[in-house]
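Open the model in your viewer and keep the selection tool ready. This tour moves from one selection to the next and says what is there.

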Amino acid sequence: MPKQQDVILEVRNLQTHFFTEDGVSKAVDGVDFSLNKGETLGLVGESGCGKSITSLSILRLIASPPGKIVGGEILFKGQNLVTKSEAEMRAIRGNEISMIFQEPMTSLNPVYTVGEQIAEVLRLHQNMGRKEAWDKAVDMLRLVGIPSPEKRATQEPHELSGGMRQRVMIAMALACRPEILIADEPTTALDVTIQAQILELMKKLQVEMGMSTIMITHDLGVVAETCDRVAVMYAGKVVEYTTAKNLFASPKHPYTVGLMNSLPRLDEDVEELQAIKGNVPSPFNMPQGCRFAPRCPHATQLCHDKLPELLLQEDDSKVRCWIYTPEWDGANQTVTGTGV
Amino acid sequence: MITQAESKKKPLLKVNNLKQHFPIKGGIFGRTVNHVKAVDDISFTIYEGETLSIVGESGCGKSTTGRAILRLDEPTSGSVFFEGQDLLAMSKSQMRNMRKHLQVIFQDPFASLNPRQSVSQILGEALAIQNIVPAGKRRERIIELLGYVGLRPDQIDRFPHEFSGGQRQRIGIARALAMQPKLIICDEAVSALDVSIQAQVLNLLKSLQRQFKLTYLFISHDLGVVRHISDRVMVMYLGKVVEIADKKSLFDNPQHPYTQALLSAIPVPDASKKQERIILRGDVPSPINPPTGCRFHTRCPHAMDRCKTEIPALTSLHDTHQVACHLVQ
Amino acid sequence: MFVYIIRRLLQMIPVLLGVILVVFLIMQMVPGDPAVLLAGEGASAETIAKIRTQLGLDQPIMVQYLHYVTDVATGDLGTSLRSNLPVFDEIMARLPATIELALASIFVTIVLGMIAGIISATKQYSWADITIMIIALLGVSLPSFWLGLSLIYYFSVKLHLFPVAGWGTWQHMILPAITLGTGGAAIVARMTRSSMLDVVRQDYIRTAKAKGLKETVIIYKHALKNALIPIITVVGLQFGFLLGGTVLVESVFAINGLGRLIVDAIRMRDLPVVQGGVLIASVIFVFVNLLVDVLYRYFNKRIDLS
């Protein structure tokens, strides 16, 4: 694991719950990870696993009510964001920590030119005048590879394609040279050839600007493409936390393994996909033991009764699964290492 | 055009010179000033028992093709022969009769299921239209259908909102099966589902195909899914077919520069494999005024002068592989 | 945009012809012979026939209609039976007061309605929200003559804050404008609230928050301009009701406006004035609609594409 001074963001036991008429939804329920300077950390999982809520919690953008961060710490350069005032958070948002979203078609304000929308963030955080901010906005559009940026800056979002709009979002997010960029499914809504362009651009800019990135995605291909380390989330918890290389070479948690086997591959042919049976548990009514136990092919009584901890393994990865603990019953030895 | 190997198989659906142009109104008097050439003169055949996939990015015309075959939008011109009968020449009532043979499953199962109808009402309605099973036996048949798609008999009186996305898609599949169709058009049928659920539905579609000898026209933007489910694959770009081939030939030996770029653009979920990537410049041009000649020439890394003026015809490379590119002649 | 306006203006021609036709038919359907009315009691059959020829009433109905259209096109709306003045001049003398009243009322509708709606939306489910929405519900249900009379009773008769009736100074305007504008304000408040609530859920509002913008900037800069589109439509519709409402309010506050002119004309069976008044009111309404549609397009340029 990395040395302490390299860590720029550390999330400890984050719990974000939603208090609704139907009960309490524990969307994020004890999430831990850390982000190092200059690296890309992937938050991976299927819908409802809490990955997006985690990222919105970091910027404290959870609508309250009904949402609330009920526990844990988010340490940004050593300072706890959970206890910061709204004004202090505003000074961080878009400035030190920026965010881009899944839907480039709807994430830009339709009634302002893209130039204005980029300039706005510069005037807010960098105290620039109108002219200076506009010029910088045009520079940013050029940086993200938009042709004839002077002209594009004067256009409204509906005049731009989806790929262009995501470039604009990136330009806006990076205008103040943030230390962290949170990218929430940045390419999910885009066509694959455009996705390839955007991922390429993000990688290039990350190196140029030396920032750290949290990449939130459901796409294991995007993870392999962009991430240094990965936290796999399931039902509000991190179940596996390791390097991208380890994750693909030897996935450990049965959920991770199931996810990989579910994925139709471009480089392999299988007659039948090994789907994970059943459905994700309701966040209103989580299983008391391991949250994956009801769907897990290896689950024992222990798994149903007691929640395992996220424990360090010999290859420096962390896994939340009884299989990788001394408590695992010898009778269950059909399962070993990577052959899950 | 029909080659030796193909002629052995029995064609189920034959699409000839299909065009779907949507008018754009404008000007002071709201005249038709132009057309969106969503599908522009395409021909292909689907054989009995196979899965043909149409892949391509948004705006390539893949969904429009599916809708045109079913006459959900009336095509501009062309013919669609289903078991030898031209669907486009049929009257509305003849077409209604044919619809039971051609079923469709959409991307968003929630939008295509009436929220006020229970599962038994949804499937009962389909059985009533098809009218083979006598009314008294329908509930039994519905339970049987639910069994085929992996739903429990006790879920028969539930409403769509009580199901998860994957289960709703199963209801959509059961509804299609109720008609005992020959062809099912799956329009992005698994695109909205999470991978673990998507795998369940893909497996279901495959096993139903074997069980009921179904033919699928599978429309998708996801090449991984397409590779898994298809026998043959057709790649579309801006309303034109650029390549049709059997799955193996297409994925192992893509010929059209667009197919090559498309395949290389997909990130492979394996951190140890760093593939060479062809990154296409720019966006897909507008289908209102598509580029002259080969429609891909504005983004093609190999474009020649000829590509700007001459539309490449779909030519056979070998038995089961056709491509429309001047480079491959 | 220019092409659009031209197209809309051209489309107005058949609409206006239709309006003229309807107004013309009113004249035809009213019981009684205008020539008899005009000739006065006890006139001889000869006189009546003469008048009828003068007025062209002996011509076929289509010819009469065409005559009427040509007259209207040249600004000739006929002559008032009561005052013998040209109807056009009569209307023009009364129109300014009505337009002032309508503008003042629509101002009340927009300002009051939008402020209330925004407060409601930004503090959803708070006491302020609930109170505003209850008042809005009352505002929609209150008949304007009752509200007008109540306002006069409390603010003019009891508190002596405003004049009881008449028109001329800004003090005269306030009570009638509130009377006429309140119903619209209530509707605008509800529309603003729902439109704002819809907009603040949009992705670009989340983007604005992620930029670090203040709540007030997000609401007034990023949300409001987007929320305006449905509000404009409602305001446009309100303007139509408002024109109708002037009739009542002008009567309650004794304002010499177009509405009262028409009411008086109806009472006196002064048909050319009724006809002309209704025609002018309709033309104003058609133009306001055009203005609303142009504004709508201006605020929602994405429509231009489709």
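Start by selecting A:Tyr241. It stands opposite A:Lys318 in E12(A). Helices (H or I, at least four residues) and strands (E, at least two) are DSSP runs, numbered from the N terminus. This is a predicted model, in which local features need pLDDT of at least 70, side-chain atom pairs count only at pLDDT 80 or more, and totals for chains, interfaces and linings use all residues. Residues are numbered from 1 along each chain as its sequence is written, while chains are lettered from A and ligands numbered from 1 in the order in which they are written.

**The sheet.** Select strand E10 (residues 237–243) and strand E12 (residues 318–319) of chain A. They run antiparallel, joined by 2 bridges. Two strands pair if DSSP finds at least two bridges between them. Now widen the selection to the open sheet of 8 strands, in the order E6-E7-E8-E3-E9-E10-E12-E11 (chain A), where the pairing is mixed. Strand E6 (97–100) and strand E11 (311–312) of chain A stand at the edges; each has a single partner strand, so one side of each lacks a neighbour in the sheet.

**A covered helix in chain A.** Go to helix H10 (residues 254–262) of chain A. Of its 9 residues, 7 are buried (20 or more other C-beta atoms within 10 Å of the residue's own, with C-beta atoms placed from the backbone). Among them are A:Tyr255, A:Val257 and A:Leu259. The buried residues of H10(A) pack against helix H8 (220–226), strand E9 (229–234), E10 and helix H9 (244–249) of chain A, together with H7 of chain B.

**Where the chains touch.** Show both chains. The contact takes 35 residues from chain B and 35 residues from chain A (in contact means C-beta atoms, placed from the backbone, within 7 Å). On the side of chain B that touches chain A, helix H7 (195–212), helix H8 (223–229) and helix H10 (257–265) of chain B each give two or more residues. H7(B) gives the most, with 8 residues.

**A helix in chain B.** Select helix H6 (residues 165–178) of chain B. Its 14 residues should span 20 Å at 1.5 Å a residue, and its end C-alpha atoms are 20 Å apart, which agrees. The expected span is 1.5 Å times one less than the number of residues. H6(B) is mostly covered, with 13 of its 14 residues buried. B:Gln180 follows H6(B), and its phi is positive, near 50°.

**Last stop.** Select A:Ala137. Leaving aside neighbours within four places in sequence, A:Ala137 is in contact with A:Gly115, A:Ile118, A:Ala119, A:Leu122 and A:Ala153.

Note on methods: Two residues are in contact if their C-beta atoms, placed from the backbone, lie within 7 Å. A residue is buried if 20 or more other C-beta atoms lie within 10 Å of its own, exposed if 12 or fewer, and partly exposed in between; C-beta atoms are placed from the backbone.
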